[in-house]
Every structure is written in structure tokens, then in C-alpha cells.
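Could you walk me through this structure? I am new to it and would like to take it one question at a time.

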Amino acid sequence: MVMVTPKQFEVLVADRPLRIETGKLAYQANGSVLVQYGETVVLVTACMSPTPREGVDFFPLTVDFEERLYAAGKIPGSFWRREGRPTPEAILWARLTDRPIRPLFPKGFRNDVQVVTTTLSVDMENLPDILSIIGASAALCISDIPFDRPVGAVRVGYINGQFVINPTTSEQAYSSLDLVVAGTRDAVVMVEAGAREVPEEVIIEGIRFGHQALQPLIDLQEEIIRAVGKPKLTTELLLVPDEILAAVSEFLGDRLIEAAYVADKGAREKALEELKRQLEEHFTGIYDPLYLKLAFDTRLREVVRRRILEENIRPDGRGPKDIRPISAEVSVLPRTHGSGLFTRGQTQVLSTVTLGSLSEMRELDWIGPEEFKRFMHHYNFPPYSTGEVRRIGAPSRREIGHGALVERALQAVIPTEDEFPYTIRVVSEVLSSNGSTSMASVCGSTLALMDAGVPIKAPVAGIAMGLVMGEDGRYSILTDIQGIEDALGDMDFKVAGTAQGVTALQMDIKLAGLTYEVLKEALEQAREARLYVLSRMQETISEVRPELSKYAPRMYKIQIDPDKIRNVIGPGGKTIRGIIDKTKTTIDIHDDGTVIIGATNADNAQRAIQMIEALTRDVEVGATYTGRVTRILPFGAFVEILPGKEGLVHISELAPERVSRVEDVVKVGDEVTVMVTEIDRLGRINLSRRAVLTGELPRPRPTGSAPRVGPGIRERGGPRRSGGERRGPAAVGERSGQRPQERRPGGPRPESRPGSRPPRETP
């Protein structure tokens with residue numbers, strides 16, 4: 001191993017230094033760099049196997065994002081207190097790094113390549129995803145791995161009508177656009193965005209702005225290559241000899257066109273498989289089966305692309321802008337809180353909505369600043385959706401990525417917690433797949449949300465755009481691509497949004513880059529298609545349902561004194577857990593005293609409200625209460641008039657007549673109605689049963705009556721010492737010095753909200 005002298009290279013990006021250091025860490029990797037921006041630092045390495053992988057017809061590139069919670073000063077929340085499988089966020093960042101670098105490897109390259117990003121430090125203001133892309137490009141460029149050219153990447157925000165490069169996480173809260181642009185010197189290679197109904201022209205300008213802003217990163221990497229770059233290795237590329245291509249082309253003839261242009265996906269695939277079988281059988285023992293497969297795929301790609309470019313005919317007979325037949329249904333399932341079925345051609349997705357209490361929010365165990373997620377979308381792609389047989393296990397990276405894209409598309413229209421105090425989970429089941437199941441999931445999820453009565457701001461639809469680029473510069477943009485067009489085309493450009501603007505987009509390409517003109521035309525064509533899909537969806541359901549499903553929980557909101565939150569929580573959460581168990585409800589308490597009770601039964605909700613109000617109600621002189629006798633002493637009985645609050649009924653106040661023994665009138669456990677006659681300066685309560693029975697005010701206590709022993713009222717937790725000091729266990733939160741309201745049994749406490757409202761049912 002040859003030791004390399006560390007070298008640092010720096011450039012200003014958004015008036016902040018971005019530093020790349022080489023030769024310091026991970027010496028044995030083919031290429032490694034340390035990238036720092038602010039106080040966020042990532043190590044990115046690139047390694048390559050010495051020989052090509054045998055028998056594969058694809059490029060085996062793996063990108064891993066290793067999220068280390070120590071980078072953010074956190075200890076993992078798992079039982080083992082160490083990182084386990086990648087979080088969804090780490091998977092998304094790995095995919096974000098993969099997409100811009102994959103098209104820049106040589107065609108026919110079959111050596112295994114692995115890029116690993118490891119987070120070493122995160123400052124919560126500069127997330128490491130952009131640094132991972134830059135680091136992957138730099139590590140590959142300085143290594144001996146064949147890689148075409150440097151890639152730069154920036155994040156673009158749109159705040160108060162101005163584009164901002166690499167906004168911090170604090171600034172992103174005010175941005176209507178979260179756009180990641182990756183590109184080479186001359187072209188854009190990857191775009192991904194979430195937006196709040198941003199017009200297409202703003203998106204295009206944001207892409208242009210971002211591409212210009214990343215040019216200094218290209219300059220920096222070119223400087224690094226000149227300083228420390230290694231000569232590229234010459235590797236064996238898997239390319240089909242012209243002789244085999246010619247022989248395969250002659251054998252297939254026009255039969256390939258006939259098989260490729262069968263409209264039904266299943267029938268087309270059977271026809272192509274049969275033709276491929278005949279080809280292999282004809283050339284058995286003459287040519288390598290792997291070369292025959294590659295030659296077949298090459299000729300199929302040429303046939304389909306040529307007919308699209310020259311005749312505007314797609315494999316299922318559509319023109320470039322034609323959308324497959326659409327159907328939509330809602331309320332297809334009887335017990336879910338909302339459901340929607342969306343079918344477009346041979347792509348079909350069933351989406352369902354489940355509503356829960358705020359305590360059911362997902363707790364995030366990652367390196368970012370957010371701690372909880374209230375809206376979730378999950379995407380499932382079972383093998384039967386493509387007629388295959390394969391093992392069903394944990395969600396794949398593709399499923400995680402597609403689910404997150406749909407979640408991002410819908411996030412812009414989800415009501416705030418104040419407007420709709422529910423945790424919302426949407427699940428999309430892909431029942432049949434032939435292109436753009438993620439965009440079909442956007443449509444199905446919108447239908448399900450409207451069916452569930454979730455007051456979304458506007459319906460959202462999605463469409464996938466394709467591209468066929470000819471060698472002579474001609475191109476055709478395809479609306480609503482199907483599977484074969486995705487596989488044989490040059491672009492998969494997913495665009496989702498409302499009638500007002502874009503809410504999410506994601507672009508993957510197989511070319512070295514695209515021009516702004518192509519992107520602009522694709523976005524406009526996608527807008528036209530999106531409006532058409534929205535119109536078809538609104539024929540099925542035009543407005544959000546005014547009421548929730550009868551099976552969905554109802555949320556009731558009340559306001560209590562923040563200083564009395566401890567009364568509701570109780571020691572170690574015992575009191576609130578008891579209310580939840582007795583009433584079968586969910587209870588979420590905010591620091592400002594807002595309490596949200598969730599229940600599927602109105603009676604249970606009212607019981608919980610009454611119990612909470614009783615715990616937080618102040619005892620008033622002259623008020624009447626019905627309580628339980630908790631203990632008896634010779635001079636009177638103690639009655640619990642409110643949960644945890646006792647008062648003394650002196651023996652002289654038990655009945656209108658003279659009472660000799662307390663036990664002659666009441667026993668422990670009896671329910672009695674009493675009036676509060678006095679609260680003394682020590683907070684002790686005096687009660688009268690006689691006053692309730694006669695309507696007369698209490699009589700002066702007889703001289704020489706038994707002395708008062710013990711407190712008249714106390715918070716449970718042990719007797720007091722003289723002077724009112726309490727013995728026994730401390731009140732909730734006192735043991736740790738924590739404010740009681742900062743503890744929240746049953747789940748996370750969302751942020752506080754000012755103001756108070758009377759009890760009401762939501763929605």
C-alpha cells in the first residue's frame with residue numbers, strides 16, 4: 001500500500017466553503033474523499049472488482065449510504081443501541097447518489113463497483129445527501145475506475161420569489177421548492193424535487209439556476225483530477241460482435257416487429273420469449289447464449305425506437321401524447337377508513353387510508369433534525385403484479401423509493417395538525433404493473449384520501465414521461481410510458497401535481513445529460529396529461545367526503561390549565577394510562593394544555609373528557625360534589641370529591657341530628673354528596689353533608705371538638721410533615737428535574753399551539 005500525502009481543495013458554494021480532502025482516510029479503496037460543508041462531513045469511497053462478473057447482462061453498481069447516528073450526537077433507539085438495517089432516509093439518499101453517476105460508466109462495463117458514503121459529522125443545517133453525490137463523483141474521478149466525467153450537485157430552494165442555493169434546513173421551512181439538480185459540465189443528468197404547487201416555468205428556471213451554480217464543483221473536481229487522479233484501468237467490456245448482430249438480425253426479420261407491437265403486455269412478452277427461444281435454439285452451439293440475448297435486446301431496442309422516431313407509433317399503437325384508458329373507484333373496501341382503486345391501462349393500484357391518533361406518529365431514528373412524521377405513504381410491489389414468482393420479504397429499495405416519491409407528491413396538500421389532528425397512513429398495493437406504478441399510486445392515494453374525508457387542499461395526479469433520442473438529434477417525448485418504453489427508452493421522468501402546479505418530480509436518464517429545451521417540453525406535456533388525469537379522477541369523486549368513516553376514530557379537543565397537566569399524567573404516567581385503559585381512547589397532551597382525545601365511540605370520549613376535567617377542576621367553596629369515603633376517624637370522615645383530592649366532613653356536619661359515631665352514618669367506600677364550606681390557608685378542605693341535606697350553612701364547630709389530624713386535602717403520594725412538607729415519592733417529573741408536562745405517555749407530544757378551544761368533534 002502506497003501512502004498518499006493528504007491534500008485539500010476548496011470552493012465557495014452559496015458563500016460557504018465546500019472542502020474535498022484526498023489521501024487522508026481509506027487508503028486501500030480505489031478512490032476515497034472526505035467532503036465537508038459547514039460542519040457536515042462525509043467519507044465517500046469507491047471500489048471495483050478486478051475482473052468482470054461472469055454471465056450478467058447488466059452493470060453491477062451498488063451505492064450504499066451508511067448513516068451513523070454518532071455523527072449527529074445521537075444514540076440509536078434500537079434495543080442493541082447500534083445501527084441496523086438502513087433507514088428509509090438512508091436508502092433514499094443512496095438512490096439519490098446512484099442515479100446521476102450510473103449513466104456515466106462505459107457501455108458494456110461489467111466489473112462490480114461499490115460506492116459507500118459514511119456520515120462522520122452532521123450539523124443539522126447541511127444534510128449530507130448533496131455531499132454524497134459530489135463525493136461519489138470525486139472518488140470515482142480520482143480512482144482508476146472507468147468513469148466518464150465529473151458530476152456536481154446542488155439543492156435549490158425558492159424563498160420569497162428568489163432562488164436560493166443549498167438552503168439550510170432552517171431556511172427550507174420557508175421554501176416552496178426543494179429541488180436537487182445534478183449535472184455534468186454540459187447537461188443535467190438527474191433532477192428530484194418536492195414542491196408546494198410550483199408552476200412548471202419556475203421548476204425549469206430552478207433547474208437552470210442549479211445547473212449554473214454547480215459549475216464551480218465541476219471546476220474543483222477537474223483540479224483534483226489533475227493533482228491526484230490515477231490513470232484509468234482498461235477493462236473488458238461486454239459488447240456484441242457485429243457478426244452476431246448481423247446473424248441475429250437476419251434470423252429475426254419482420255417477426256421481431258410483429259412480436260414487439262402486440263398491444264397486450266402479457267401476450268407481447270410471450271411472443272418475445274418464444275422468438276428468443278427460437279433464436280437460442282437455432283444458434284445452439286454456434287454462439288454464446290449471453291451474446292445472443294444481448295443481440296436480441298439490441299435489435300428489439302433499435303426496432304422500437306426507430307418506429308417511435310420515424311412513424312410516431314408506440315408498441316401498443318398509441319401516439320406520443322396518448323394516455324391509456326383510465327378508470328377510478330372509491331369506497332371499494334368496507335372497513336378501511338378510505339380506499340381508492342386507480343387503473344390506467346394494465347397498471348392498477350389499490351390505495352387505502354388509515355387514520356390514527358397523534359400518538360401514533362412515526363418516531364424518526366435518523367441523523368436529521370425532524371423527530372416525528374405524521375403523514376406516511378407506503379408502497380408494496382408484490383410478485384403477482386407482474387405475473388412472477390419470487391420471495392416476498394422486507395420492502396426493497398425500489399419500494400422504499402417509490403413510496404417516498406408518492407409521499408412527497410401528496411405532502412403539499414395534507415392538512416396541518418391544527419386543521420386535522422390525526423396521524424395519516426396511506427398504503428398503495430400494486431395489483432398490476434405495466435409502467436409508472438408510482439404515479440398511479442399518487443392517483444389512487446388521492447382518491448383514498450378524499451374518500452376518507454381527509455381535507456386535502458387539492459387533488460393530486462401523476463404521470464410518467466419517456467424519451468427516445470436519436471443519434472441525429474431527433475427526439476420524441478412520450479406521455480404515460482409503459483414498461484417496454486421505460487426499458488428501451490432514454491428517460492423516466494415522473495411528474496406529480498395539482499391543477500395549480502407541481503408537487504413532486506423525479507428524473508432518471510440513461511443518457512449523459514439533457515438540454516433545458518427537452519426538459520421544458522417534457523414538463524409542459526406532463527402538465528397537459530396531469531390535467532386530463534385529474535379530470536377523470538374528479539368524475540369519480542369531485543369533493544372530499546364531508547364525514548369520516550364510521551370506523552375511523554373521532555378526535556375531541558379540550559383545553560386544560562398547563563399547570564395541571566401533572567394531575568392528568570400522574571406518577572410515572574399511571575393516571576393517564578388508567579384513563580386510556582378504562583375508556584379505550586387515545587390521549588395526547590400538548591405543553592400549552594391542549595388535550596386531544598381519540599375514540600371510535602362518543603360515549604367513551606365523553607367519559608375520558610369527564611375524567612380529565614375532574615382531575616384538572618378547581619375545588620370551589622359553595623360547590624356540591626359527590627365523592628367516595630376514603631377513611632374514617634373518630635372526629636369525621638374523609639371524602640374524595642375529585643380524583644386525588646380529599647376533604648374532611650367533621651362529625652358535626654354528617655347529619656342534621658347529633659351523631660355519636662361516624663360509622664353510624666357512613667362507611668369506607670360509601671358515596672356521599674357534600675358541600676365545600678371552607679378552604680383554609682393550608683389548602684385543606686372542609687366539607688358538610690348536613691348543609692346538602694338541610695340547605696343550611698354549617699354550624700360553628702363545637703368547642704372542645706377533636707383536633708384536626710392530617711391534611712384535609714392533599715395530592716396523593718404520602719403524608720405531609722409539619723409545615724406542609726411532603727414525605728414519600730416525589731411528584732411526577734420531580735425526580736429528574738423535568739417539568740411534568742414534558743412527559744407524554746402513549747406517544748410523542750407534538751408542538752404546542754396557542755389559544756384554546758371548547759370541546760368539539762373533529763372534523
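Predicted model: local features only at pLDDT ≥ 70, side-chain atom pairs only at ≥ 80, totals over all residues.

Residues are numbered from 1 along each chain as its sequence is written, and side-chain values use heavy atoms, with hydrogens and water left out.

Me: How many residues of strand β20 are buried?
Reply: Strands (E, at least two residues) are DSSP runs numbered from the N terminus, and buried means under 20% relative accessible area with a 1.4 Å probe, protein chains only. In a regular strand, side chains alternate between the two faces of the sheet. On one side of β20 Met491, Phe493, Val495 and Gly497 are buried, and on the other Asp492, Lys494 and Ala496 are buried too, so the count for residues 491-497 is seven of seven.

Me: In β21, which residue is the bridge partner of phenylalanine 493?
Reply: Two strands pair if DSSP finds at least two bridges between them. β20 and β21 (residues 502-509) pair in the antiparallel sense over seven bridges, and a hairpin of four residues joins them. The partner in β21 is methionine 507.

Me: And in β20, what is the bridge partner of glycine 462?
Reply: Strand β18 (residues 461-469) also pairs with β20 in the antiparallel sense, over seven bridges. Within that strand, β20, the partner of glycine 462 is alanine 496.

Me: Which element gives the most to the lining of the largest cavity?
Reply: A cavity is a set of points on a 1 Å grid over the protein atoms alone where a 1.4 Å probe fits but cannot get out, and lining residues have an atom within 4 Å of a point. The largest cavity holds about 120 Å³ of space. Of its 14 lining residues, the closest to the centre are Tyr37, Leu127, Ile130, Arg155 and Asn166. Two or more residues come from each of α2 (129-142) and β7 (152-159), and the top contributor, with four residues, is α2.

Me: Which strand gives the largest share of the lining of the second largest cavity?
Reply: This cavity has a volume of about 30 Å³. Its lining is made up of Glu21, Lys24, Leu25, Ser32, Val33, Leu34 and Leu43. Three residues, the largest share, come from the strand spanning residues 31-37, β3.

Key
Buried < 20%, exposed > 50% of the residue type's maximum accessible area, 1.4 Å probe, protein only. 1 Å grid on protein atoms, 1.4 Å probe; cavity = no way out; pocket = protein on both sides within 12 Å on 5 of 7 lines; lining within 4 Å. Points joined across faces, edges and corners; volume = space filled by probe spheres on them.
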